[in-house]
Amino acid sequence: MYHVERPVFNEGYIDSELLHRKKRTPKPFQRRIAEHLRCSSEKAKSVVFGFLPILTWLPSYPLKQYLFGDIVSGISTGVMQLPQGLAYAMLAAVPPVFGLYSSFYPVLLYTFFGTSKHISIGTFAVISLMIGGVAVREAPDSMFAVNGTNASQVVDFEARDARRVEVVVALTTLVGIIQFVLGLLRFGFLAIYLTEPLVRGFTTAAAVHVSVSQIKYLLGVHTARFNGPLSVVYSLDAVFRNIASTNVVTLIIGLVCTVFLYFIKDLNERFKKKLPIPIPGEIIVVIVSTGISYGMVMSENYGVEVVGNIPTGLLPPKIPDFSVFPNLFPDAFAIAVVGFSIAISLAKTFALKHGYSVDGNQELIALGLCNFVSSFFHTFAVTASMSRSLVQESTGGHTEIAGLLASLLVLLVVVAIGFVFQPLPTTVLAAIIMVNLLGMFRQMKDIPALWRTSKIELAIWLVSFFASVLLGLDYGLVVAMGFAILTVIYRTQCPKNALLGQIPDTGLYFDVDEYEEAEECSGIKIFQSNTSIYFANSDLYVSALKAKTGIDPAQLLVARKSQLKYAKRDNGERKAVNHCSPVKKNAVDVELGVTREVVAGAKKQKDHVYTNGQMTENHAESESEDDFFLQRLTPIHTIVLDFTPVNFIDSVGAKTIKSVNILCWCCAGTLLSDLRTLKFFCEPVTPDLIFPTIHDAVLHCKHSRDVPVCPDVQ
């Protein structure tokens, strides 16, 4: 049982008598700066360990327990990373070998600077497609058109690809700088503004863009690459216009590879608990199709488009072209935020599953360094891959060592045997991309789930999806973020309002419209709105208060003042007549259209007894001018505002609420601090009208004329 016996507390008493603030002497500004800049061995160690997380776990790395799992995981992830690197380079509109570079340098760097033990950094379809859109926009085919035979125009593909590589490398450098600076400025919280429905709708839309862009490779038709609003529509239109020129051999190879990869993926999913490592379907397809293409000379005999030249070895570092930075900044910022959002969401998922923590700010710094440093070695922007991360985790990976081994496997291919993949048909890479998008398309199942749980989040998902499909990924992301912010405003403009009632024999209060047991207190309306009160919704708050309670506090205040005037007049008349006999008068307030009864009678005495938080009365006859001459105009004499759901209030909201004078408040300590800062407590509103709980406010309101002063608490 829960027994409490105490006086009714108000915030005036609590602040002056019950609680005493700790005395704090603020440190001088110069001292705070000196302490912040002071260097010590512990502080230096903390900074170094924070910047290089590998130093915190590598010295205590358990070889016997973790090494075998990391080796198996690293090989499995590396085998998967090879074909994906080649494939996603096509999305980025650069030659395939640059996908291999992007699968080596950033992965190697993340081992030293990252805080997640399970995500696989490298090429990713969404980011690659966004990069490819920028590359095509800045270096379109029309810029490299030259006259061919019979006055026909052909494209200088070598010059075009070289220029696109320069643009992509510069874009990656800028992405790395933005991510690194945001990490230093502690902007790791930035990803929270990309809510999960927004990201999932956006990535599903990106899957649509990627799939449409790969149809031409599956069919073997040649069409221009479109970018910007309605690019999906234009791409489909171009494919259907040229569908008569489909290369049948290319189509057969692509379909066979797609079916095989889907079958292998389904087997891995069904028997993942029994298989020690997933079946490497992608590398099998790449090796087999490369061998068949080489043996049958498909490029020359059947016109099948192949990967082409893959130089052996690594390219020397090169400074990016900084002259294109101004044109690339908006795209770079979007890619930086989306890349970080995908990486940190995956990192937090695995961290929660395996019981460790990731640092969002350090992840920004790590991604920024991976992109910035690697860009000098001809890479494009990277992030975490969903499919590879799942493989790395499911095959026994324990630490970043798995990613390090995967990058070394890619390095081996680049340095020694990269030329082997030159006969690989591009339709095989398109099949790999299409099958890997299945996980993103499964996000369509979010629609019925969100319909049942949250219509607003469903609207965010749909707006993010359709805006990104129709307007392009860059504009679509801006529209989706803007709409998500509007939904926050909508929630504050359309909150849930409720009248609260007491559960009998308790101090608990619930919505009277929802619970049968909740009973409204006689003469008291308790109003609750689950929103903060600020300039945009303060008037709406008061309007909701009037609508829900059925009372206009301002008009009621005017009526009470008018009634007091009549009472004083009647009191003067009463003194002129015989006081021995009771007098009953009727007065009509024409302005308000209500009838008052003014009753003169014997004096009443009230004795209040407080027991277990309740108040009982022993009544005796009393004669109070307020009690008898100020009869209530309505049965409601007090409105209590429950501010416990209110997170903040600004000056406009405070002024608006203060204008409603006949109220009591119940609010939390943090909001009280804001109200004091806003100079809220001055006549007629004082801290004596603020209560720590609704029950305190109700007890006060029931007996407001004779509430005793709280005694000292022993």
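**Salt bridges and burial**

Modeller: Keep in mind that this is a predicted model. The side chains of Arg160 and Asp141 meet in a salt bridge, 3.0 Å from N to O.

Colleague: What makes Arg160 and Asp141 a pair that ties parts together?

Modeller: Arg160 lies in helix 9 (residues 157-184), while Asp141 sits in the loop between helix 8 and strand 2 (145-147). The two parts are 19 residues apart in sequence, so the pair ties them together.

Colleague: Why is Arg160 called buried?

Modeller: Buried means under 20% relative accessible area. Arg160 has 13%, so the label is buried.

Colleague: And why is Asp141 called partly exposed?

Modeller: Asp141 has 28% relative accessibility. That value falls between the 20% and 50% cut-offs, so Asp141 counts as partly exposed.

Colleague: Which residues are linked in a network with Asp141?

Modeller: Salt bridges link Asp141, Arg160, Asp161 and Arg164 in a network.

Colleague: How do you know that Asp331 and Arg137 form a salt bridge?

Modeller: Their closest N and O atoms are 2.8 Å apart. The cut-off is within 4 Å, so the pair qualifies. Asp331 is in helix 15 (residues 325-354) and Arg137 in helix 8 (residues 125-138), 194 residues apart.

Colleague: Is Asp331 buried or exposed?

Modeller: Buried: Asp331 has 10% relative accessibility, and the limit is under 20%.

Colleague: What makes Arg200 and Asp446 a salt bridge?

Modeller: The closest N and O atoms are 2.5 Å apart.

How values were computed:
Residues are numbered from 1 along each chain as its sequence is written. This is a predicted model: local features need pLDDT of at least 70, side-chain atom pairs count only at pLDDT 80 or more; totals for chains, interfaces and linings use all residues. Side-chain values use heavy atoms; hydrogens and water are left out. Helices (H or I, at least four residues) and strands (E, at least two) are DSSP runs, numbered from the N terminus. Buried means under 20% relative accessible area, exposed over 50%, partly exposed in between (1.4 Å probe, protein chains only).
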